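Me: I have a model open and a few quick things to ask. Can we go through it together?

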Amino acid sequence: MRLSRMFVPTRKEDPADAEVVSHKLLVRGGYIRQLARGIYDYLPMGWRSIRKIEAVIREEMDRSGAQEVMLPAVQPAKLWKESDRWDAYGPELLRFTDRKDGEFCFGPTHEEVITDLVRGEIKSYKQLPLNLYQIQTKFRDEIRPRFGLMRGREFIMKDAYSFDTNLEAAKESYDQMFAAYQRICDRLGFEYRAVEADTGNIGGSHSHEFQVLADTGEDQIVSCPECGYAANVEKARTRRDDTDRTEDDFVAMETVDTPNARTIQEVCDFLDRSADELVKTLIYRADDTHVALLLRGDHGANEVKVGDALREAGIEADDLRLATDDEIKEVTGAPVGFSGPVGLEIPVVADHSIRSMSNFVVGANEADAHHVNVNWDRDFEVDAFADVREARAGDACAECGTPLESHRGIEVGHVFLLGDKYSTSMEALFLDEDGKHRPMQMGCYGIGVSRILAAVVEQNHDDDGIIWPMPIAPYQVHITVLHIDNDEVMDAAESVYDRLVDAGVEVVMDDRDAGFGAKFADADLIGIPLRLVFGARGISNGNVEMKWRHESDSQDLPLDDAADEVIRQVDEAMKDFR
């Protein structure tokens, strides 16, 4: 393609609303344009890269045995009501009615639709296993779309769904998809981690996220450099400290005045204690009851873990939130900042880190007062111990004890073992070998295709622009012609261009009537991996300048050998991603 005839509207300035590098560079490089908040046009260069990402995904899905389908984006509400997600999914679900007042939604995901399709066609165990996937536009009405393609409302996603006869077979399908996702991330050149994750509103027994490491990522993850354990902080497990306490070490509890000392830091300063000697008491409202949550003073609560822990303890927590100031006063008798477990008449759930603590400090449930030398069992009862705190760098790995490392990540893929969550509620049944009806065991597997485009840029850029990895660059070679009015230069450029095209190399040639500086700036901004520069001086010496976008130095190639050398180097570069 010739740049003079292409629609590549580059810009010098960052868009005013752009906060992250990928948003800035994809707009400036002429790859995307915003139509509405969280909704984007994909311009020709951007669409070429999207199609290449899709091609890698399709190859690995097909290799794993999955079959491609295309399902409707508009879905009837009755299916979502069958699965009990019509109300539970929340305001992110775009609901609307048709001219006959029928209720519909624009699909954010397709568990209900695929389950409806399969239950109508699959009747026997002989027809299983089955794995179907699609690549399609989705819509989630995010309350705050931001970061360009990283958190849009309309986006492109690959979603796959497996159906098996039993849980063991479903786990095998899950493992196959997990391996396929690893191959996809490897072929795209990502630095990434596959991490344990919460199942969220999709549901199921367990799941993994594929997180691309980037400072601008929205997710916090931890990983072990020794054994490879990795998890989202919402799910991350840490090694428990089960150090035994001895009652001989217990000191008598006392109440001390702590005027105006409400925060952990204020109490530490006033009592000359460190934060790990304090236990903070958080009051939560869980559905229709209040619960006290105990954490070490230097730890933070993870509400996903809190909800899971409460439900495991038999406390309903579908509607979970921190109590209001008035509720805290009503439950504890004290203003915010002085809550403690001693004397409370509500359930008490404590993090595992409290087990080994003794003679610690807690609020006294009265204004301007704290208890010191408090010990659980002696001074108050704990109804349940659970892992409710957010993991952080330096915590001991639950698997091997090595200190964990912390990273920011961009979630580009998520795999779920659903079990019979949807097949039971929607009666997706099959006849087993004994002639009995049983629910199919399901898994679902999503990859954010458009988010991958942004994630690649987040990991591959410099101050001048994008640095595309070869397999998903919109073009492989960028020919820059500096003297378009020089027939000798143009003839040389055209000759190499034709030779590369004939060899199947994807080439864009900048034949615009523009200044040298503008051409070089656009080449760096657009970020095509390999650049050839044709100028009058070089051609008069029989040379062409070649430069890789990710390298600072260039080299001169003999004009007669330039095409063959570029073909060789492009082929060599592609081998790394096959």
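Me: Leaving out residues up to four places away in sequence, what does Leu149 touch?
Reply: Leu149 touches Leu26, Ile32, Tyr40, Tyr42, Ser450, Arg451, Leu453 and Ala454. Contact means heavy atoms within 4.5 Å. This is a predicted model: local features need pLDDT of at least 70, side-chain atom pairs count only at pLDDT 80 or more, and totals for chains, interfaces and linings use all residues. Residues are numbered from 1 along each chain as its sequence is written, and side-chain values use heavy atoms, with hydrogens and water left out.

Me: Where does Leu149 lie?
Reply: In the loop between strand S7 (130-139) and strand S8 (154-164). Strands (E, at least two residues) and helices (H or I, at least four) are DSSP runs, numbered from the N terminus.

Me: Is Leu149 buried or exposed?
Reply: Leu149 is buried, with a relative accessible area of 8%. Buried means under 20% relative accessible area, exposed over 50%, and partly exposed in between (1.4 Å probe, protein chains only).

Me: How many residues along the chain separate Leu149 and Arg451?
Reply: They are 302 residues apart along the chain, yet their C-alpha atoms are separated by 5.5 Å.

Me: New topic. At what angle do H2 and H5 pack?
Reply: H2 (residues 44-63) and H5 (residues 167-187) pack at about 150°, with axes 9 Å apart. That makes H2 roughly antiparallel to H5. Axes are lines fitted to C-alpha atoms over the stretch in contact, and angles run from 0 to 180 degrees between N-to-C directions. Under 35 degrees counts as roughly parallel, over 145 as roughly antiparallel, 65 to 115 as roughly perpendicular, and the rest as oblique.

Me: Which residues make that contact?
Reply: From H2, Val56, Ile57, Glu59, Glu60, Met61 and Arg63. From H5, Met177, Ala180, Tyr181, Arg183, Ile184 and Arg187.

Me: Which residues of H2 are buried?
Reply: Met45, Gly46, Ser49, Ile50, Lys52, Ile53, Glu54, Val56, Ile57, Glu60 and Met61.

Me: What comes just after H2?
Reply: Gly65, with a positive phi of about 100°.

Me: And the whole protein? How many helices and strands?
Reply: The count is 14 helices and 31 strands. Of the 578 residues, 53% count as buried. The C-alpha trace spans about 95 × 65 × 50 Å along its principal axes.
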